[in-house]
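Student: Could you take me on a close look at one part of this protein? I'd like one connected walk through it, please.

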Amino acid sequence: APSRGLGDVYKRQMYYRIFAARFLPQDMERVLYLDPDIIVIRSLETLYSLHFDGALFCACTHAREFLTRVNQLRLGLGQAVPYINTGVLLMNLAALRQEQDEQAVIDYAKDRGQWFMLPDQDIITALYGSRIRLLDTMIYNLSDRILAFHNADLRSPQLDADWVRRNGVIVHYCGKNKPWHENYRGVLDVFYREIAAEKE
């Protein structure tokens, strides 16, 4: 299996999306992966139909310039590339079948694995960072932290949950700040609570 040698610290299922082109049916040309801590508030049709323009993935970054540089050093990269949040990941399966070197993934994990923090994100960023079409994080992978960073910049328009409802597509409750936890802090819990109320 291609996951051999990737280590036992994290569940091997985490690596399945990296090798999705191998495991999914050969007639599938694309697939959209979404983390389970996500709320979809508008149609995914536009996202799913995006042109890859030669990219292997379409995704967002949650890392600013400083962390991008830190990750460049941590991952041993020759050039800085955006650090990808893999919670929303549109995958070009057709291109990956043609171009992906599975052994390169295994070798990189063996070589740099001790520096990994989030192995799937680290590997995809390191090996495919230059082949990723970046999407608008505010639209397609918005978290409370990203919204707070945006609003902390007084040069930017101040956005709230109503703006997200009108413009956003995906809300991502990434990290430990979950709206189903008592210590949640943020404004995006409204979308989770609306869905939870519908199921009661």
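Tutor: Let's begin with a side chain that reaches for a backbone: the side chain of Q121 comes to the backbone nitrogen of T86 at 3.1 Å. This is a predicted model, and every distance here is computed from it. Q121 sits in helix 6. With a relative accessibility of 9%, Q121 counts as buried, because the cut-off for buried is under 20%. Apart from neighbours within four places in sequence, Q121 touches Y83, I84, N85, T86 and G87.

Now step back to helix 6 as a whole, residues 119-128. Helix 6 lies across strand 3, strand 4 (84-92) and strand 5, and runs at about 55° to strand 4.

What sort of sheet do those strands belong to? The sheet is open, with 4 strands in the order 1-4-3-5 and mixed pairing. Strand 1 (30-34) and strand 5 (132-134) are the edge strands; each has a single partner, so one side of each has no neighbour in the sheet. From one strand to the next, the twist averages 25°. As a reminder, strands in a sheet pair through backbone hydrogen bonds, in either a parallel or an antiparallel sense. Strand 3, residues 57-61, pairs with strand 5 in the parallel sense, over 3 bridges. If you want a place to look in that pairing, find C58, which stands opposite R133 in strand 5.

Helix 6 also meets another helix. The axes of helix 5 and helix 6 come within 11 Å and cross at roughly 115°, and the crossing is right-handed. Which residues make the meeting? From helix 5 come A104, V105, Y108 and A109, and from helix 6 come D122, I123, A126, L127 and Y128.

Let's follow helix 5 itself, residues 102-112, where V105, I106, Y108, A109 and R112 are buried. Viewed down the axis of helix 5, these buried residues fall within an arc of 165°, so they line one face of the helix. Helix 3 (65-74) and helix 6 are among the elements that cover them. On the face of helix 5 turned away from that buried side you will find the exposed residues K110 and D111.

The start of helix 5 is worth a look too. There, a side-chain oxygen of D101 reaches to within 3.1 Å of the backbone nitrogen of Q103. E102 lies in helix 5 as well, and its side chain is joined to that of R22 by a polar contact of 3.0 Å. Is E102 buried, exposed or partly exposed? At 23% relative accessibility, E102 counts as partly exposed. For a sense of scale, 39 Å separate the C-alpha atoms of E102 and D189, which are 87 residues apart along the chain.

One more helix lets you try the one-face reading again. In helix 8, residues 144-152, the buried residues are D144, I146, L147, H150 and N151. Down the axis of helix 8, these buried residues fall within an arc of 160°, so they too line one face of their helix. What covers them includes helix 7 (137-140).

Terms used: Residues numbered from 1 in each chain as written. Predicted model: local features only at pLDDT ≥ 70, side-chain atom pairs only at ≥ 80, totals over all residues. Heavy atoms only, no water. Buried < 20%, exposed > 50% of the residue type's maximum accessible area, 1.4 Å probe, protein only. Helix = DSSP H or I, 4+ residues; strand = E, 2+ residues; numbered from the N terminus. Arc of directions from axis to C-beta. Contact = heavy atoms within 4.5 Å. Polar contact = N/O pair within 3.5 Å; in protein donor to acceptor, adjacent residues only side chain to side chain. Pairing = 2+ DSSP bridges. Axes fitted to C-alpha atoms, helices over the stretch in contact; angles between N-to-C directions. Left-handed = near helix turned anticlockwise from the far one by under 90°.
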